[in-house]
Amino acid sequence: MPGSYLYITCFKCQKKYLKEGNLNGLPLYKVRNFSMDGITQIICPECQDIILSISQEMLYEIYFQTAVEQFVDKNYAESVFFLTKSRETFIKYIIELLLYEKNSSINIENIWSKGMALSERRLGAFFALFFYRFGEFLDLNKIETNLRNKVMHDSVYPTEEDTTKYAKNILSLFNTVMKKILEEIDLKIIMSFNHGQQKKKIDAYLKTLKDRHIQIQYASDSIISRNTFSKSEEEQNTRREIFSKKYPDKWKELACQANKTGKIIYINEQGAAELKNRVEDNEPKIYQPTQSFEKLVEIISQRKKRFDNHSITLVI
Ligand SMILES: [Zn+2]
């Protein structure tokens, strides 16, 4: 079973290396993550610290990224497998989130033990809850399941075109649903739900690692968009882009100051820049959908190339 690749460094050894002025030998370990739960454990070969790398991504995002990695390596059957897992866990995530929004003290694990684990029932629950919450019917006919069945049950090997079509179908489901979720549900509720899910996972893991020196590192590089911007924020983004291209040196200087002071760079209507305090506007947020599948394939290919050129030690 292929797992996604992670690149983990040891901060303790990194500090030691930097102190000695050794910049070439910074430790970076390429790890194949088989667990798929977003927690990867390695033991630093140099200082024997346990390093836990905890992904901030939700499970469906990890599966989707793995599917794209498999696609880039031309393993199309594996890609279809992970795409299917991604969609199934996405549906589970949305059901849990919608139930949590209704009642945050609900015991979600309890629901799955009551016969909801079957995928058709889960799809039915997802459909009903989505309608109940947003007043809109999702078109279930648009959810492509044929390819999955062919690959899983008839041992058909999917082509690049089949896999691309399937991935696009799933991305389109993500974009439709996430638009509603992120534009209509209070962000605090979503964050608190995501955080609770992460905490449960980490606590259970830490219990098994008593009395060891542990470095916990958080990683976040999801390719599935959770971005929302208000109209003014979007306008600022456009103005910033224009300004940074026109005056790259001035932009660098301002970015540096902004970093130090915790302020943001604001570009006024005349196109002049100033540093301002961050203020949350109360305008409605608009979801920025995940980019096209082709774009995601390009991102992952570049990421792979970048890391493959790096000097890497392979551990477990
Ligand atoms: Zn170390």
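Helices here are DSSP runs of H or I with at least four residues, strands are runs of E with at least two, and both are numbered from the N terminus. The model is a predicted one, so local features need pLDDT of at least 70 and side-chain atom pairs count only at pLDDT 80 or more, while totals for chains, interfaces and linings use all residues. Residue numbers start from 1 along each chain as its sequence is written.

On that basis, the protein has 11 helices and 10 strands. Its C-alpha trace spans about 55 × 55 × 45 Å along the principal axes. Of the 316 residues, 21% count as buried, that is, with 20 or more other C-beta atoms (placed from the backbone) within 10 Å of their own.

Now to one helix pair. The axes of α3 (residues 76–102) and α7 (residues 160–184) come within 10 Å and cross at roughly 15°; axes are lines fitted to C-alpha atoms over the stretch in contact, with angles from 0 to 180 degrees between N-to-C directions. The two helices are therefore roughly parallel to each other (angles under 35 degrees count as such).

Who touches whom? Counting residues as in contact if their C-beta atoms, placed from the backbone, lie within 7 Å, α3 brings Tyr76, Ser79, Val80, Leu83, Ser86, Arg87, Phe90 and Ile94. These meet Glu160, Thr163, Tyr166, Ala167, Ile170, Leu173, Phe174, Val177 and Ile181 of α7. By class, that contact has 12 nonpolar (Ala, Val, Leu, Ile, Met, Phe, Trp, Tyr, Cys and Pro), 3 polar and 2 charged (Asp, Glu, Lys and Arg) residues, the others, Gly among them, counting as polar.

Methods:
Angles under 35 degrees count as roughly parallel, over 145 as roughly antiparallel, 65 to 115 as roughly perpendicular and the rest as oblique. Two residues are in contact if their C-beta atoms, placed from the backbone, lie within 7 Å. A residue is buried if 20 or more other C-beta atoms lie within 10 Å of its own, exposed if 12 or fewer, and partly exposed in between; C-beta atoms are placed from the backbone.
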